[in-house]
Amino acid sequence: MADDMGGCLMLADGKVFSGVRCGAYAGADFADAYGELVFTTQMTGFLETLTDPSYYGQIVIQTFPLVGNYGVIREDFEHSSISLSGYIAREFCAEPSNFRSGGTIDGLLTEQGIPALSGVNTRELTRIIRNYGALPAVFLSKNPEELRDGELDEIKEKLRDYKVKDAVRNVTSKEIIYHNAKNPKYKIAFWDFGAKRGIIRALNNAGADVISFPAYTTASEILSHNPDGLMLSNGPGDPKDLPEISAEIGKFAQSKIPIFGICLGHQLLAISQGAKTEKLKYGHRGGNHPVLDIRTQRLYITSQNHGYAVSGGTLSPSVASVTMINDHDKTCEGIEYKKIPAFSAQFHPEACSGPEDTAFLFREFIENIERQGGANRAS
Amino acid sequence: MPLNPEIKKVLVIGSGPIVIGQAAEFDYAGTQACRALKEEGLSVVLVNSNPATIMTDANMADAVYIEPLTTDVIKKIIEIEKPDSLLGTLGGQTGLNLSMELAGEGYLAERGIKLLGANPETIDMAENRESFKKMLERIGQPSIPSGVVTTSEGALRLAEEIGYPVIVRPAFTLGGSGGGIARNPEKLREIAKNGLRLSPIRQVLIEKDISGWKEIEFEVMRDGSGNVITVCSMENFDPVGIHTGDSIVVAPALTLSDKEYQMLRTASLRIITELKIEGGCNIQFALYPHSFDYAVIEVNPRVSRSSALASKATGYPIAKIAAKIAVGYRLNEIRNSITKKTNSCFEPALDYVVVKMPKWPFDKFIYADRKLGTQMKATGEVMAIGATFPEALMKAVRGAEISMSTLNLPALGDKTDDEIRAALGSKNDTRLFTVFEAVKRGFTYKEINDITKIDPYFLGKLKDLVNMENKLKAVDTEFVPDSLYLAAKKSGYPDADILKISGAKIREKLYANYKTVDTCAAEFAAETPYFYASYDDVNEAADYIDHHNHTSKRVIVFGSGPIRIGQGIEFDYSSVHCVWAFKKLGYEVAIVNNNPETVSTDFDISDRLYFDPLTGEDVMNVIQTEKPEAVIVAYGGQTAIKLTKFLHLNNIKIFGSSAESIDLAEDREKFDHVLSECGIPRPDGRTARTLAEALGAARELGFPILLRPSYVIGGQNMVLAYSEDTVENYMNLILSQDIDSPVLIDKYLQGIEAEVDAICDGTDILIPGVMEHVERAGIHSGDSMAMYPAKTLSGRIVDTLVEYTRRLASSLRSIGLLNVQYVIYNDKVYVIEANPRASRTVPYISKVTGLNMVEIASRVILGEKLKDMPYGTGLYKKSKYVAVKVPVFSFEKMKGVDVQLGPEMKSTGEVLGIDRDFETALYKGLLAAGYSMQSDGGILITVQKSDLAEMLPIARKFKQLGFRIYATDGNLRFLEQNGVKAEFVAKIADSDENTLTLIESGRVQYVFSTSELHQTAYKDSIKMRRKAVEMRIPCLTGIDTATTLADCLLSREKYEDFVPLDIVKMHGGSD
């Protein structure tokens, strides 16, 4: 690697980390790229991470140093494109190996216009985030010493003001999409806030046709499709930024249609039922988070990717109860609603990447549908 | 569920002596378990026959039995101790088999003893091939097409069905003993026959050969409530076909996509759930590299070598958690002792990569078959941690102590491409280097992969190293450019190699910084200082020291590296005690070691653990960060001792005997000078650098003579010569190996060997005890049975030993421990060698005398005087107990190795028999070492001419016992001339009914055979002895061993009802 391929990541606190430019960052016309710096401790599944729309607006650090070992496998993508703002690892593999592999990670990042930096002391970056919380950062187009007077101040100001904005609007689908199951027994409305394909796949596999709706669809339009169940997808950003959507979700309360929310969907459902959310210091991102089911005292290892959480105490006991908590920091991981046939999970039962241990939640959703006399489709 | 209130007293079974396939990892596991149980306030009873373990220390359990690991003995202990529970999943296959036998007989149930960790049905499901396959079928997990057979004919029929090649795996054997790959019926017949014999239940598995598939392992935990996690995945660099114990292994798995990874992870969880294991479990998979096809290879329903590796690789203490689960805890009720903030129910996230590399004994067994296959051959291993695979691999290679610091094996440089291509096909201990050479020469990944099946990912990473070396070679400036130097350091290159490859200078030397192993990839702040070197720019160890600066009194203890013949677990024992002693004395103690199997590399033994190689540059890095008052080299065997010169040159203070003092003992000429000053005789000796010099020396000294290179460990390359032929062969061999030190030639005195470990304070010495060897000089001390106290030595001789030791201690200016080996010949005492460091016998003598030798030595090192301590000076009072150390070998694992003992050490482990009288102690020792102690049947005797006279009384003793004696012509004639009736047996070439078929027939219970050493493996006597080993028939290769055994059998009424002894009570309470 030539020295002129050196690049820099500047953090909101002024710290600079150097590495080797990769992906779009290596392009000649590269302009400064901003994002909220977060880390994931997931050791496999870099493709799923890259293509998870929930990372919109974020620069993602892989704490595991060796990324891209098995190359690009498009069938494992969670979305057709990459939404994250930047990607950082110790090493991107230049000569990947896997029977399904079709290309290198650097090639993919270049194709998708994603700036990336390798050769970084990612552990140190992670330690900073752990201590200070998720913070904005920028891939600098020039090295700090080459910056003209004022340029640096401008960058620092931008960093200070950086916020992930319009995240859901940018990653949700633009139209209604039908994903049909092989032998469908149910019809599920799928509210796409920036969804991972894995959820749709899990529903299809459970025997449900899935109709995916853009995030800003109204409740009445969705209801007009007469679904057996409503799935609220994952997605990026702060749930508090989406009051109009949670209001629409609230309208489902009367319908008695079973609802299942995952991640952002879980948060929006909770807000619609009067709960509040909080920002976690540096979030939960990885495939090793223990979740305790309070009802059964069973523990599950889960896949997680969220920076916000429902404040469990803000749920009215008459409305819902927290059913699952994170065994590390005791934050809310699952909710069961009392007046509506709904439940939700903060983590990712669809895995992709990560452990498949909680896939049974999809079965429970289907059971709820059955219990509500669902399977409209069959009648 | 918290602690099960029904559990009050737990019996823990250890794994016994170190053998290939079952090494120090079980001391690590057992020690962790004992500590975890004691932490819960439970009463712990421990039984293990291996004295060189930390777990058999008196303070590790409430009662400690160093007794033979047989069901009878364990029953006796149960009768005495009346435990309510038995934990058998932490003592390797040995502990598991014993637990299962006890449970199977109904013995445990009768007494209401709970079997913790796993139940017999579970163990059977995992270990019995047939039920294993059924279990997999039941939960929809694929197994390898296979079947179980109990006859060779059955094996052949099954192989026809599933197609060759097939793998033969005997049921219930350690490390896969007796297995192999058969490509045709002839080979299959041979392997199956052998495997059936070795299997205690006479079963072998015949299965389709899936060589070349990826070999992936998962370490899995489950608690009693059914919560399951995976601790770590591991991937073998060497695909299926080479035993995982002989493979280079990386953690985590590096070439799996998330789909593949989750597929196998989910399978692991389903298996452990089905087996209802409460604790840890190891699951091995074969994954076809070109599809999602996979097969479950094996499940170990217990902690294992892999779980020790996984624990060290992740920081997750599997054995400790398994013990807590076994007594009732749920995973989330157990604190993560590294983060101290989270619970143990999570999966460790790594932000580095770990490489494990095996350590093979081929340097010792030069005639051994170096081919690697399904039979494990490694005696030990090293682990290395780095940010990238190349960095970790480079650390592993230089830490393995195989005289390599890069992957460039000089011997390969001269080979042609065709020779390299051919070499790629042979799976042996130099395979990594051959593959590297092929990558260097530009062989395509495809070609290398076709031959070796090594994943192209790894080949690409080797290419990274080739590229780095090319960049270094291309340097044409005076100095290596700074950025290239840093990149080379990050790729794992030592400074010396950077200088050598680039031919340029280093402008400013870089010292390593340290990163933390924290189980969580920095997600949470870790409290536990477990570090590895890195060339990134933040030093977490230095920060840690700044923030926890309790004292400036800091020392570093250097550990003993990988386990090998001659340097085993004993040195880890001493290293750990050294750490504890210095902690007690108010020091902060750091340890450097790279052996993942050991107690010393458990993160809560020292104040700071540096998991890195023990080379000069690597330890200087630690010294730069730690800034210790001094370092300690005396406890880490030759690995640590050989750092002395380097440390001295770098002005690092060494606690204990100084560099000069160590040099005085190791340098032949200087040592001779010391001896003559002290007026201590030694066997006459010379040094030689050429064949002519050697032959000249032989003539002057007169045969027999001992030859060895100077600076030896465990008698490496040592030979006893009776003729000029042997000298000639030997010198040619040594000179061809480029060994850069002269050969020492000593007159061989065939006397009684005695050994003394002393503690020296500069004025006085304390000798806890004198040991006498059963075998006369000429058999390596590590391979001799040793008796404490000395049995036959007169008071005058013992006084002389004490006096000579005192003089040596003073002249060598030894501080701390000193080990001296003596030979008593014609009633005169000679010194053979002196080592100013902890020896192999320290744990044994400490345990039997009750003196914590390492602790006393450590206090002395810091200036305390022996006369101010309560132990006295000179020879310590004799213990009321007698102890006999008996060596244990792993010959069945090492094809082609002659089992006859000689000056070169061959044993891998040892056991101890302790009792009030010699006969009982000896009996216990022999029983523990695996002798069945059968006192009737037959014995085959074929000794060399020079041994005939001494053989006679032994034959008479066996006759007296009622044995039928078989002998070949010369021996037979001699016996009959002397009135001992024996039966004729033909030599191998002379008849189809010969010594081999006699051994196979089961009519002989012992083989007594001697011949001149160092002949080729084709000789009849060697074949015969190998046959005995394969048939698990004790093979006596020394006159004294045979005499002792016969005497022991004759006195059996004395020990028949022996009582197991609790060594805690023996010395009146703990400590």
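Biologist: What covers the buried residues of α22(B)?
Modeller: In this predicted model, the cover over the buried residues of α22(B) includes β17 (513-516), β18 (530-534), α20 (540-547), β19 (554-558), β20 (588-593) and β21 (608-611) of chain B.

Biologist: Which residues of that helix are buried?
Modeller: Helix α22 of chain B spans residues 616-626, and its buried residues are Asp618(B), Val619(B), Asn621(B), Val622(B), Thr625(B) and Glu626(B).

Biologist: Why do they line one face of the helix?
Modeller: Looking down the axis of α22(B), one finds its buried residues within an arc of 145 degrees, so they line one face. As background, an α-helix has 3.6 residues a turn, so residues three or four places apart point the same way.

Biologist: And what comes just after α22(B)?
Modeller: Lys627(B) follows, with a positive phi of about 45 degrees.

Biologist: Let us move to α25(B). Which of its residues are buried?
Modeller: In helix α25 of chain B, residues 659-666, the buried ones are Ser661(B), Ile662(B), Leu664(B), Ala665(B) and Glu666(B). Their cover includes α23 (637-641), α24 (644-649), α26 (668-678) and β31 (828-835) of chain B.

Biologist: How many residues has the largest nonpolar core?
Modeller: That core has 462 residues. Those with the most contacts inside it are Leu46(B), Val355(B), Phe558(B), Ile759(B) and Val1007(B).

Biologist: Which helix gives the most to this core?
Modeller: Helix α21 of chain B, residues 569-584, gives the most to the core, with nine residues. The core also draws at least three residues from each of domain 1 (3-164) and domain 2 (168-378) of chain A.

Biologist: What is Phe558(B) in contact with?
Modeller: Setting aside neighbours within four places in sequence, Phe558(B) is in contact with Val592(B), Leu614(B), Val619(B), Val631(B), Ile632(B), Val633(B), Gly636(B), Ala640(B) and Leu643(B). One of these, Val619(B), is also among the buried residues of α22(B).

Biologist: Which residues are in the other core, apart from this one?
Modeller: The other core has 17 residues, including Val168(B), Ala171(B), Ala182(B) and Ile206(B).

Biologist: Turning to the two chains, how many residues does the contact take from each?
Modeller: Chain A supplies 42 residues and chain B supplies 47 residues. On the side of chain A that touches chain B, α3, β15 (277-293) and β16 (298-310) of chain A each supply at least two residues. The element that gives the most to that side is α3(A), with six residues.

Biologist: And how does that side of chain A divide by class?
Modeller: The side of chain A that touches chain B has 14 nonpolar, 15 polar and 13 charged residues.

Biologist: What domains does chain A have?
Modeller: The domain assignment gives domain 1 (3-164) and domain 2 (168-378). Their C-alpha centres lie 29 Å apart. The contact between them takes 23 residues from domain 1 of chain A and 24 residues from domain 2 of chain A.

Biologist: Which elements give two or more residues to the domain 1 side?
Modeller: Those are β3 (33-40), α1 (46-50) and α3 (122-132) of chain A. The largest share, three residues, comes from β3(A). By class, the domain 1 side that touches domain 2 of chain A divides into eight nonpolar, eleven polar and four charged residues.

Biologist: Finally, what is the secondary structure of chain A?
Modeller: Chain A comes to ten helices and 19 strands. Buried residues make up 57% of its 379 residues. Its radius of gyration is 21 Å, which agrees with the value near 21 Å for a compact globule with 379 residues.

Conventions. Residues numbered from 1 in each chain as written. Chains lettered and ligands numbered in written order. Predicted model: local features only at pLDDT ≥ 70, side-chain atom pairs only at ≥ 80, totals over all residues. Domains from an automatic or database assignment. Contact = placed C-beta atoms within 7 Å. Helix = DSSP H or I, 4+ residues; strand = E, 2+ residues; numbered from the N terminus. Nonpolar A, V, L, I, M, F, W, Y, C, P; charged D, E, K, R; others polar. Buried ≥ 20, exposed ≤ 12 C-beta atoms within 10 Å, placed from the backbone. Core = buried A, V, L, I, M, F, W, Y, C linked by C-beta atoms within 7 Å. Arc of directions from axis to C-beta. Rg over C-alpha atoms; globule rule 2.2 N^0.38 Å.
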